[in-house]
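This report walks through one protein model, from the whole chain down to single side chains. Keep the structure open while reading.

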Amino acid sequence: MKIAAVIGLVLNVTGTFLAGKALIQDYRENAQGVPLLPWLVAARRWAANQLPFRGPVTASGTVFLGGEGILVAEGLVTRLIPDADAPTERQIEYLRREVDALHQALDTYHREADRRIDDVSQQLAGTEAKAAAATSEVELLARRNATSTVGMQLFGLLLIGIGSVVSVLPAVLGWN
């Protein structure tokens with residue numbers, strides 16, 4: 001009779017321990033640093049602040065980042081086309097001005113295209129940030145759903161373990 005009671009006690013305590021350990025591991029993986037027993041953390045913090053050699057720790061700081069910028073551009077383009085019988089140097093000078101103007105127009109076009117690409121990239125980054133925030137929110141809801149009753153489960157397992165021990169004690173100790 002006593003052997004069966006001891007075996008039952010060992011099995012109950014071991015099963016409760018393993019279930020509690022698995023529960024705590026699942027909670028730690030999904031709770032993102034939220035304490036399992038917040039009242040225990042608060043009690044530990046209170047006790048640490050009550051010790052005579054420790055006081056509350058205070059820290060503060062300030063960060064400032066700022067900047068300004070102004071970009072102004074002005075220009076005037078005139079086209080003086082030389083006559084067909086103009087000297088060769090003047091015609092070559094005109095062609096060079098035209099080629100330079102084409103290069104400047106292409107540079108302006110490329111800068112505008114780059115600006116538009118940057119704008120689209122920023123919009124895409126904003127969309128990616130919104131998607132990441134939405135994903136994080138869904139993950140947070142899933143974690144809360146997975147861990148919201150863990151404290152109650154742990155308390156229930158604790159009661160089962162204590163109940164098992166208490167119910168077996170009379171048989172193990174020979175009380176009638």
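## Burial and surface

A residue is called buried under 20% relative accessible area, exposed over 50%, and partly exposed in between (1.4 Å probe, protein chains only). On that scale, buried residues account for 10% of the 176 residues in the protein chain. The chain exposes about 15,300 Å². Carbon and sulfur atoms supply 63% of that area. Accessible areas come from the Shrake-Rupley method with a 1.4 Å probe, and for residues only the protein chains shown count as cover.

The model is predicted: local features need pLDDT of at least 70, side-chain atom pairs count only at pLDDT 80 or more, and totals for chains, interfaces and linings use all residues. Residues are numbered from 1 along each chain as its sequence is written, and side-chain values use heavy atoms, with hydrogens and water left out.

## Overall fold

The protein chain has four helices and zero strands. Along the sequence the pattern reads α-α-α-α. Helices (H or I, at least four residues) and strands (E, at least two) are DSSP runs, numbered from the N terminus.

Contact means heavy atoms within 4.5 Å. Take the contacts between residues at least 6 apart in sequence: 63% of them join residues at least 24 apart.

## Helices H1 and H4

How is a pair of packed helices described? Helix H1 covers residues 2–30, and its axis comes within 9 Å of the H4 axis. The two axes cross at roughly 170°. Axes here are lines fitted to C-alpha atoms, for helices over the stretch in contact, and angles run from 0 to 180 degrees between N-to-C directions. Angles under 35 degrees count as roughly parallel, over 145 as roughly antiparallel, 65 to 115 as roughly perpendicular and the rest as oblique. H1 and H4 are therefore roughly antiparallel.

From H1, the residues include Leu9, Asn12, Val13, Thr16, Gly20, Leu23 and Ile24. From H4, they include Leu154, Leu157, Ile160, Gly161, Ser164, Val165 and Val168.

Serine 164 lies in helix H4. Its relative accessible area is 9%, so serine 164 is buried. Beyond residues up to four places away in sequence, serine 164 touches Leu9 and Asn12.

Leucine 154 also has its place in helix H4. At 18% relative accessibility, leucine 154 counts as buried. Leaving aside neighbours within four places in sequence, its contacts are Gly20, Leu23, Ile24 and Leu36. Leucine 154 and leucine 36 are 118 residues apart in sequence, yet their C-alpha atoms are 9.4 Å apart in space.

## A nonpolar patch

Which residues form a nonpolar patch on the surface? They are Phe155, Leu158, Leu159, Ile162 and Val166. Together they have about 490 Å² of accessible area. Patches are made of residues with over 30% relative accessible area and no salt bridge; like charges are joined within 9 Å, nonpolar side chains (Val, Leu, Ile, Met, Phe, Trp, Tyr) within 5 Å.

Leucine 159 is one of the patch residues. It lies in helix H4, residues 150–173. At 47% relative accessibility, leucine 159 counts as partly exposed.

A salt bridge is a side-chain nitrogen of Lys or Arg within 4 Å of a carboxyl oxygen of Asp or Glu. By this rule there are four salt bridges. One joins glutamate 93 to arginine 97, with the closest N and O atoms 3.2 Å apart. The two residues are four apart in helix H3 (residues 88–147), so about one helical turn separates them. Both are partly exposed: glutamate 93 at 47% relative accessibility, arginine 97 at 36%.

Arginine 115 has two partners. Glutamate 112 meets arginine 115 at 2.4 Å, N to O. These two lie three residues apart in H3, about one turn of the helix. Aspartate 119 is the other partner, its closest N and O pair with arginine 115 being 2.7 Å apart. Arginine 115 and aspartate 119 are four residues apart in H3, again about one helical turn. Salt bridges that share partners join Glu112, Arg115, Arg116 and Asp119 into one network.

How accessible are these side chains? Arginine 115 is partly exposed at 39%. Glutamate 112 is partly exposed at 31%, and aspartate 119 at 30%.
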